[in-house]
Amino acid sequence: MLTAVRGSPGKLRADTCCADLTEQYVDTMSNKQPAWAPEDLDRFRAVQQLAYRCAEAVAATLEPGVTEKQAAQRMRHWLMENGADDWFHVPFAWFGDRTTFHRFRTPLQFFPTDKRLEEGMPFILDCAPVADGYTADIGYAGSLGGNAVQAQILEDLQEYRALILAEVRERKPLNEIYRSVDALIARHGYDNRHRVYPGRVLAHQVTRLKVRGPRAIVAGFGVRSLQTLGRELVAERIVGRSPLWADGKSSGHAPTPGLWAVEPHLGLRRVGAKFEELLVVTEDDAYWLDDDLPHVRAWGAGAAGATEPETQPEAQAGTDETGVADTATPGKARTRSRTRTTSKESAA
Amino acid sequence: MKELQSYVTAPDGVRLAVFEWGERSAATTVVLVHGYPDTHAVWRPIAEQLAERHHVVAYDVRGAGHSDAPRRVRSYTLATLEADLGAVLAEVSPDKPVHLVGHDWGSIQSWESVTGTALADRIASFTSVSGPCLDHVGQWFRSRLRRPSPRALGQLAWQGVHSWYIGYFHLPLLPPLLWRTAMVKAWPALLHAIEGVPHGSGAPTFPTDAVRGLALYRANMIPRLTRPRKRPTEIPVQVVLPQKDLYVTPAMAGQAPQPFVGRLWRRPLRAGHWAPLTHETVLAGWIDEFVDHIEGAPAAPALDRAQVRRGNDDGAESSPHAGRLVVVTGAGSGIGRATALAFADAGASVVAADLNAASAARTAQLASLLGSPRTGWHAVDVSDPAAMEEFAKAVHAEHGVPDVVVNNAGIGLGGAFLDTTTSDWDAVLGVNLMGVVHGCRLFGAMMKERGEGGHLVNIASAAAYLPSRTLSAYATSKAAVLMLTECLRAELADQGIGVSAVCPGFVNTAIAKATRYVGVSASEQEQLRGKADRLYRLRNLPPERVAEAVLRAVRENRPVVLVAAEARIGRALSRLSPGTLRFVARRDLTPR
């Protein structure tokens with residue numbers, strides 16, 4: 001998959017707007033520059049596809065009695081066999097009430113345990129492989145044999161994906177978007193579980209790793225990723241921004257152009273669910289890097305008779321004032337996926 | 001009511017005294033088996049009520065009352081007791097299967113027949129009160145020890161504490177000696193004092209029954225508990241679980257039969273061990289309801305909720321809230337919604353009421369996803385007496401009498417007293433106080449009339465005892481709720497209706513953003529709300545914490561439950577150093 005994409009960058013569509021911005025950004029934020037080139041976006045997309053395929057493949061192997069450690073190990077092996085060469089963080093697996101981070105007090109509790117999967121139990125697989133410096137960070141929620149509560153949360157997550165995109169496009173401050181998400185959570189009757197993540201983050205920025213050095217893992221994070229993240233934290237702090245998207249004052253700024261791994265994580269009592277995927281933010285627009293993902297496909301399959309993506313006009317970055325209301329529906333997101341989906345198919 | 005007495009001879013020649021009430025030609029026969037140290041007399045109040053619709057039979061178990069008392073311990077094994085029951089059934093209902101009811105040892109020995117083969121086709125249903133199947137108990141103990149979680153071990157230890165007397169009954173000489181001496185007067189007095197058993201309900205043959213009946217323990221306990229058999233049954237079983245039973249814990253009695261009984265109903269009852277003498281009307285009603293249902297009538301809502309449904313996880317099933325009907329007001333958000341969902345998660349049926357219909361419906365939807373067996377929702381303004389009356393009637397018609405009512409709906413109001421208008425007062429007192437009053441009045445009356453007890457939970461606030469210059473209306477309304485709760489608790493205690501107040505601190509809910517501040521401009525209003533909301537978010541006290549407190553208040557029948565450190569510290573200060581609180585009250589702590 002990775003080599004196939006690498007071999008056919010010419011077929012992939014270049015977003016002209018992004019390309020222009022890229023050039024503007026080359027000087028100021030050199031580390032982010034690769035994220036803006038269309039070839040780079042394709043590489044990010046490919047790694048994200050790889051990560052989601054890993055989650056789906058491992059989820060299909062989960063049987064009653066398997067432990068979180070075993071599930072995480074399976075993800076690790078699968079990814080290493082299929083092209084990952086480093087980690088943003090090591091794969092995580094959470095089963096049962098651990099999908100809501102029930103009674104998590106320390107970050108150590110995120111690491112896989114010997115908890116066993118049982119029939120009807122929800123699980124979340126979260127992996128963040130790096131391939132050739134391109135990082136993905138994904139979350140995949142499922143259950144063994146079906147869980148009605150989780151199915152409802154997964155269904156409702158659709159609204160969060162639309163809401164976040166719509167408000168990022170409006171360029172609302174990130175902490176305000178965080179609160180809009182909280183308001184939707186309250187309306188749905190769920191519990192905000194992403195606030196348990198370090199820094200209460202709803203999302204965090206992802207960049208291309210350019211650091212050299214050993215690919216060691218410290219505290220579950222790849223050393224090179226930590227270095228990059230640390231550098232970002234400092235660099236962004238200087239310009240009054242944060243690469244971590246939370247509800248505090250440090251996130252009181254408009255969405256920073258770049259790639260954001262967005263991970264709304266919801267819980268209802270002892271059942272949790274999330275998705276995590278990359279959001280591309282440009283200077284005046286935003287779109288999900290890829291719509292050909294398991295959760296988006298599931299919503300598409302659920303919404304029978306949805307508009308054919310091909311009949312939708314191509315969304316242009318410049319015409320977004322009129323498209324704001326439209327962004328609340330998944331339809332627009334799907335229009336962005338059209339070319340990408342086809343390009344991937346041609347690449348595969 | 002006429003009580004017919006006759007004798008039946010058991011296969012081993014023991015004569016058993018049999019008592020009958022009602023028409024022998026009635027469509028259904030109910031057979032009542034008494035425990036230790038009782039006689040058929042323990043069933044008399046219930047038998048008289050049931051006899052209006054059924055043919056009712058009770059008999060003195062061998063060794064008790066007017067029946068013969070063989071001397072050897074081995075004449076009291078479960079097998080001989082089963083043969084006795086067989087002989088009685090052949091006599092009183094030779095053609096039709098009967099509905100069996102057992103209390104204490106009567107229940108233990110009936111389980112032998114229910115889970116055995118000899119009489120299986122002679123029994124249509126079984127209602128068990130405070131007497132588990134010894135084989136099931138043995139298996140339950142083993143399963144707990146095989147998977148020893150702290151909770152499982154706790155349940156084992158707790159049951160162990162309650163079973164002290166079993167070891168005592170195995171001692172030589174001492175138990176009969178005590179029964180014959182000190183206990184002759186002490187036992188009825190203890191029953192009256194601890195269990196509330198009315199005077200004069202004991203049998204004239206006491207304490208002889210108690211001495212002879214010791215053989216029941218000596219013949220069966222050790223062999224059955226140490227070598228438990230696997231005894232499944234397809235006979236429908238209704239297990240009544242007295243929550244204050246001093247001998248059989250509801251955890252064990254409720255869980256032990258689960259793996260072995262195909263059709264099981266569990267009915268918690270706020271009563272002690274001698275429920276047949278203290279809660280005769282409730283038990284008679286439940287037996288009647290169950291018999292009717294097994295004979296083909298549709299299940300009453302409460303019975304329907306009590307049925308154990310396969311597929312639900314063990315945690316929910318073993319909860320004392322499983323199968324209860326819970327009504328929550330203000331259930332569309334915050335504490336109300338969290339409470340409704342916590343009850344739903346515990347297996348209770350939830351009726352969610354809120355001013356906002358959509359949010360109430362959403363809560364009901366989530367509740368049913370969590371496994372709440374029957375849910376409902378209503379849009380209701382708690383401050384409107386007519387609407388509340390209509391709401392209470394609707395709940396009664398659709399679901400029956402609620403077991404738990406949580407009066408949670410409330411609104412916030414901040415600002416100076418002199419800026420607070422009469423209409424502001426009407427609004428705050430209307431929802432926060434009168435809403436609670438209406439809920440308690442309407443549902444409390446239903447609970448009292450039903451006679452099965454129940455629980456009212458009123459959500460007050462730490463503001464109920466923490467004075468503040470900016471919360472005069474809100475704090476007054478909550479203080480009133482707290483006092484109302486205390487008074488009502490005293491009044492309804494005799495009815496078995498618990499009343500609790502829950503006083504949370506600063507819980508992160510929508511109330512911070514909806515609180516109205518008097519005496520400020522519209523823009524200031526928004527600013528104050530935003531600031532307050534920020535503080536509440538920082539405090540980060542989730543409504544689920546309050547929900548857990550509500551469940552605990554019901555489970556343990558606690559008078560007042562404080563939630564969060566600020567509520568506890570404030571309560572302590574209000575007692576130790578009210579001056580400090582008065583000093584703090586003079587500061588305007590509204591975040592500006």
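Mentor: Start with W260(A): its bridge partner is L279(A), which belongs to β13(A). The model is a predicted one, in which local features need pLDDT of at least 70 and side-chain atom pairs count only at pLDDT 80 or more, while totals for chains, interfaces and linings use all residues. Residues are numbered from 1 along each chain as its sequence is written, chains are lettered from A and ligands numbered from 1 in the order in which they are written, and side-chain values use heavy atoms, leaving out hydrogens and water.

Strand β10 (residues 258-262) and strand β13 (residues 277-281) of chain A are joined by five bridges and run antiparallel. Helices (H or I, at least four residues) and strands (E, at least two) are DSSP runs, numbered from the N terminus; two strands pair if DSSP finds at least two bridges between them. These two strands of chain A belong to an open sheet of five with antiparallel pairing, in the order β9-β6-β10-β13-β14. At its edges are β9 (244-245) and β14 (286-288) of chain A; each has a single partner strand, so one side of each is left without a neighbour in the sheet. Helix α6(A) packs on this sheet, touching β9, β10, β13 and β14 of chain A, and its direction makes about 160° with that of β14(A). Contact here means heavy atoms within 4.5 Å, and axes are lines fitted to C-alpha atoms, for helices over the stretch in contact, with angles from 0 to 180 degrees between N-to-C directions.

Five salt bridges are counted between chain A and chain B, a salt bridge being a side-chain nitrogen of Lys or Arg within 4 Å of a carboxyl oxygen of Asp or Glu. D182(A) and R537(B) meet in a salt bridge through their side chains (2.7 Å, N to O).

Chain B has an open sheet of its own, formed by eight strands in the order β1-β2-β4-β3-β5-β6-β7-β8, with mixed pairing. Its edge strands are β1 (4-9) and β8 (264-269) of chain B, each pairing on one side only. Neighbouring strands of this sheet are turned by 20° against each other on average, direction ignored. Strand β7 (residues 237-242) of chain B runs parallel to β8(B), and six bridges join them. Within β8(B), R267(B) stands opposite V240(B).

Some backbone details remain. Most residues other than glycine have a negative phi, and most peptide bonds are trans. In chain B, the peptide bond from Y36(B) to P37(B) is cis, with omega near -5°, and a cis peptide bond with omega about 10° joins F206(B) and P207(B). In chain A, F101(A) is not a glycine but has a positive phi of about 55°. F101(A) sits in the loop between β1 (86-95) and β2 (122-131) of chain A. K115(A) forms a salt bridge with D97(A), their closest N and O atoms being 3.8 Å apart. Both K115(A) and D97(A) lie in the loop between β1 and β2 of chain A, so the pair ties together parts that are 18 residues apart in sequence.
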